Every structure is written in structure tokens, then in C-alpha cells.
Amino acid sequence: MMSLRYSDIIKLRFLTLVFLFLSISTFISAQTSLITGQINKYAKVTAVGSDNVTVDDVSDFAPGDTVMIIQMAGVEINASATLPGNFQNVVGNPGAYEILIISAINSGTRLVSFSRNLLYPAKLYDPLGKVQLVKVRSVSNAVVNSELTCTTWDSTTVRGGVLAFIVKGTLTLNANINVSGRGFKGGKVAQGSGYCQENDDSLRHYFYNIWSTASGYKGEGLGFRNSTGDPVYPDLARGKGVTLTGGGGGNGHYSGGGGGSNYGAGSSGDVEVSGCVFQYLGGNGGLALGTTPVSGGVFFGGGGGASVYTGTASTSAGGSGGGIVIILADSIAGNGRVISANGAEPPANTITTSGAGGGGGG
């Protein structure tokens, strides 16, 4: 074998050290993930077993995935013409959630099995209360270089509104995390009669159906039906009463929609515009969850109630509530950035033939 000079040996060792340094740097870089935009996937849960769920679509999930099951709503309220929408009962476990690992998927039946039993098994997660399965990103270290958010909540498809991820190291924020206005929907714009509430007791009711013109739409909240089984939408969709956390709609002569709530209460909507002798208040503000049996859960902010307009549609819609952020991390380097889940503000309204909507809850 050819012998090497001492200088050649030094050169080889130097090149070896450079190679090792570059390899280690590449490995470390590979362990730091850039996360931005929308990183979660969602599916509607249609049935719950002791260690499994059935969903409407399994295409975004695979064995080994980290996921979260969470119930978004499911509160029965005392809703009628003369009852304002207080807490009555629950269906399932509103606000409950847990982290799981997928062990197997049956694509034919859309059955997703987990590596352990659920903490809140069948009958405690109830699909009537809008349960979703969320795919959770899991990384060793993470850097947020541009705004991180989630898809907006859709109560029809039962998807979105939740940003959830796991960092087995340090989360570094070089940009904001923002799910403001991604939660429960604000009341939608609708045409109304604009009659003063003083003209008739029937114009001051807490709940009307969607065909009434006496009031604006309520904001979406935890309440989904009353104790006799009437659904909020369409049977109880309008009126100054609340959907527990969703603000009431503005009754009468363009009164304001009520503000959405969460653990704190929402504000009442402003009074009817001039032209009425008594100028009654608008929609009731959403109720504070801190005094209810569901106070231990995690929830969207409630949507603000809407008012009504006559003539041309205007800025009478309610603002949507804030979404949910769940981060599991060893440490967070905030760098002065902000994690926000505020309720959305409705547009300012200066039109005399339309009331203003209420703001969403944070």
C-alpha cells in the first residue's frame, strides 16, 4: 500500500471534518420545518366508537397520522318567543378534545381506528354536536416566517376553524399566528320590515323563524336546538334572543345586533334608530360560559347578531367569532409576534335604513 505523507493525512482529516460538518448541518436543517398558511386537514365525524370514528372522507388521513377529535357545539337552549336562549342541556361533550394516533383506516367504510381508546367514548362525543377530526402537524422544530392560520369554520361541512400542531422542540415566530374571525359565523344580511318595536309586542320576541321580517339573524353559537328539538336554523334563526354564545339579531326599526361571547359575555345591540318613541335595545349579547356547565371546554368565539335593512343591502351583517389555536411545544421564541383569535368587527354602518351588526366574540 502506498504510504501517505503527514501533510496529506492532515488534508484528508480536514476534508473529512468538513464533510461531517456539512452532513450535520444538513441533518439539523432537515429537522427544522417552515410552517405557514394552513397546515391542518379536516373531516366530519359521523359516528363514534370506543377506539374509532367514522368520517365522511378519509382521503387526507393515513395510519400513523397524529389527529385530534373535537366537538364544536351541542348545547340545548331554552329558546322560544318568550325565552331568551339560556343554557338547558348538552348533547355529547361540547368543547371536549383529545390527541390520538391513527392505527388503521378502512377506506370502504371510512372507519378510522386509533392506537388507544378515546377518553370521551361513544355517546360522549355526539356527531349531532358537530364533531370533527383534525389532522395535526408534528415536527421537531418549527419556524413561522409568514402568517399561520386555519380554514374558516363551516358548520354545514363540519370543518375548519382550528389550528393545531405539535413542536417537539422550539417554535420560533418570525410572523404572526392569526385565526381571528375563523370561528362561529356572524348573522347574515337580511331584509326586514323596519317597524318600531313599540307598535306591537310581537316585534319584541326572542326567537323567530327564517321567514320572519321582524328581526335580523342571530350569530352562530354553541346552541343548536331547544329542549323540544326545534333546530336554531331554520326554526329559531332570527330574533333578539341568543344561541348561548351567538349574539341576538336586532329587532324592529334597525336596532343593532348583539355581540358574540365566549367565556365573557357579549354586549347588547344598540337602540333602534330615530323615528320610534321608545327606541328599544337591539339583540341580546351572547352569554358568558364561565357560569355554565360547559365552562371547561375549548370553543370558538360566538358570532355577532345581524340587523336588517330595507331597500339596498348594506352593512347589517354580524362579525364572526375567533377560531381556536392549540399548540403543544417545548418552548416558544415569540420575537414580539402575536397569536390572535379575535372576533371580527362588523363594518361601520351610517345608513339610516339599516342597523349595524354585532361584533364576534374572541
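Residues are numbered from 1 along each chain as its sequence is written, and side-chain values use heavy atoms, with hydrogens and water left out. Because the model is predicted, local features need pLDDT of at least 70 and side-chain atom pairs count only at pLDDT 80 or more, while totals for chains, interfaces and linings use all residues.

**Whole protein**

Start with everything selected and coloured by secondary structure. There are 20 strands and one helix; both are DSSP runs numbered from the N terminus, helices being H or I of at least four residues and strands E of at least two. Taken along the principal axes, the C-alpha atoms fill a box of roughly 110 × 45 × 35 Å.

Next, colour by accessibility. Of the 362 residues, 46% are buried, where buried means under 20% relative accessible area, exposed over 50%, and partly exposed in between (1.4 Å probe, protein chains only). The protein exposes about 16100 Å², and carbon and sulfur atoms supply 55% of that area. The areas come from the Shrake-Rupley method with a 1.4 Å probe; for residues, only the protein chains shown count as cover.

Among contacts between residues at least 6 apart in sequence, 74% join residues at least 24 apart.

**The barrel**

Select E3, E4, E9, E8, E5 and E10. In that order they form a closed barrel of six strands with antiparallel pairing. Neighbouring strands of this sheet are turned by 45° against each other on average, direction ignored; the axes are lines fitted to C-alpha atoms, and angles run from 0 to 180 degrees between N-to-C directions. Two strands pair if DSSP finds at least two bridges between them.

Now show strand E3 (residues 41-48) with strand E10 (residues 131-135): four bridges join this antiparallel pair. Tyr 42 has Val 134 of E10 as its bridge partner.

On to strand E4 (residues 52-55). A hairpin of three residues leads from E3 into E4, and three bridges join these antiparallel strands. One to display is Val 48, whose bridge partner in E4 is Val 53. Which way do the residues of E4 point? Asn 52 and Thr 54 point one way, Val 53 and Val 55 the other, and all are buried. E4 is also joined by three bridges to strand E9 (residues 111-114), again antiparallel; there Asn 52 stands opposite Ser 113.

**The open sheet**

Select E7, E6 and E17. These three strands form an open sheet in that order, with mixed pairing. Strand E7 (83-90) and E17 are the edge strands, each pairing on one side only. From one strand to the next, the twist averages 40°. Strand E6 (residues 75-80) pairs with E7 in the antiparallel sense over five bridges; display Ile 77 and its bridge partner in E7, Phe 87.

**Val 298**

Finish at Val 298, in the loop between strand E17 (223-226) and strand E18 (308-309). Is this residue buried or partly exposed? Val 298 counts as partly exposed because its relative accessible area is 24%. Leaving out residues up to four places away in sequence, Val 298 touches Ile 70, Gly 95, Tyr 97, Tyr 263 and Ile 324. For a distance label, pick the C-alpha atoms of Val 298 and Gly 169: they are separated by 25 Å, with the two residues 129 apart along the chain.

Key
Contact means heavy atoms within 4.5 Å.
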